[in-house]
Amino acid sequence: MKILIQDYTNQSSTESRFLYTELNKYENIQAQFFMPQQQHSIYDMMDSFQPDFIIADAIGIHKDLIHYGMNNDLKNKLILRVNDALDSTQAGFLENNDFIKHNVCFFIGNKKTQNKIKYVNLKPCVDLNIPAINLKQKIPLCIISKTKPSNTVIKDKKCFHVISFEENSNADMVGPNINIAGLYGNYDCIIFDNIKKLEQPFFDALYRCGSVYFNSEDKNLSKQSIELFGQDLNVNNSVDFESVKKILNEKHTPKNRTKQLLSNMPIDQSIFTEVNK
């Protein structure tokens, strides 16, 4: 089986990359990864590779892939990631687009279905493929924040870094998670300040750093944390991180998410039960 994956890496997620890496561990799967800005001819690539499935971002799918699909049969071959930030109107437009209705196998996302196209909720997970970036010495605290860190987080701390994934004048380092995650192992503690949901950077930090918390009064975030990790990782709580990391390694890795993806594809499931290479 051949699967073509268009890169849809963004500020917080590397899902398209770790799916590509994990899929290629299966003996019966050949995955190919492409970045639109580096691809000379989508038509040549499609004609030579002839994929059985195509994974891409619903909004960012390359226009030449759409054009190719209008002239060639892609029925039930498209698997599209729908950003959770899309509102119901935008998601509804996608679901009711004739090209998508004819060609999409399913959406990856956390939305309520408005028509017959199903959604498969691939939750965030740790990306094990991001290499470590080692500093000369450990730093007590890292605060990850889109704005100025809360005073309740800083308290009397004198040595800490502020990291942001988007432009932030209060940050010591700014960049996408794919470039930042390798640094997480250099900190004794990481606190995600005033976040609204647990995205991939939280999982990456939890895998690489000894203690990781979020600072928020949002009870839904605490509920989500308990559902994912068995404990409330609010900064005000005492946490058994050995237990949390055990759950992380058992349930929230690329291997888990790839198995979930494959289990929802209209294929012979019996030949994809084990990773063979």
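**View A.** D127 touches T14, F18, Q200, D204, R208 and P254, when residues up to four places away in sequence are left out (contact means heavy atoms within 4.5 Å). The model shown is predicted, so local features need pLDDT of at least 70 and side-chain atom pairs count only at pLDDT 80 or more, while totals for chains, interfaces and linings use all residues. Residues are numbered from 1 along each chain as its sequence is written, and side-chain values use heavy atoms, with hydrogens and water left out. D127 sits in the loop between β6 (119-120) and β7, where helices (H or I, at least four residues) and strands (E, at least two) are DSSP runs numbered from the N terminus. Although D127 is buried, it has no salt bridge, and the nearest side chain of opposite charge, that of R208, lies 5.7 Å away. Here buried means under 20% relative accessible area, exposed over 50%, and partly exposed in between, with a 1.4 Å probe and protein chains only; Lys and Arg count as positive and Asp and Glu as negative, without His and the chain ends.

**View B.** In helix α8, the side chains of D204 and R208 form a salt bridge. The N to O distance is 3.3 Å, and a salt bridge is a side-chain nitrogen of Lys or Arg within 4 Å of a carboxyl oxygen of Asp or Glu. D204 and R208 are four residues apart, about one turn of the helix. An α-helix has 3.6 residues a turn, so residues three or four places apart point the same way. D204 is buried, because its relative accessibility is 0%, and R208, with a relative accessible area of 17%, is buried as well.

**View C.** The surroundings of α8 (200-208) are shown here. Eight of the nine residues of α8 are buried, so this helix is largely enclosed by the rest of the structure. The buried residues are Q200, P201, F202, F203, D204, A205, L206 and R208. Among the elements that cover these residues of α8 are α1, α7 (177-180), β10, β11, α9 and α10 (241-251).

**View D.** In helix α5 (residues 98-103), K101 and D98 meet in a salt bridge, at 3.9 Å from N to O. K101 and D98 are three residues apart, which means that about one helical turn separates them. D98 counts as exposed, because its relative accessibility is 60%, whereas K101, with a relative accessible area of 46%, is partly exposed.

**View E.** The largest pocket holds about 1,300 Å³ of space and is lined by 43 residues. On a 1 Å grid over the protein atoms alone, a pocket is an open set of points where a 1.4 Å probe fits, with protein on both sides within 12 Å along at least five of seven lines, and lining residues have an atom within 4 Å of a point. Its volume is the space filled by probe spheres set on the points, which are joined across faces, edges and corners. S12, D84, K197, L198 and E199 lie nearest the centre of this pocket. The elements that give two or more residues to its lining are α1 (15-23), β10 (187-193), α8 and α9 (219-229), and α9 gives the most, with five residues. E199 and K197 form a salt bridge, their closest N and O atoms being 4.0 Å apart. E199 is partly exposed at a relative accessible area of 33%, and K197 counts as partly exposed at 37% relative accessibility.
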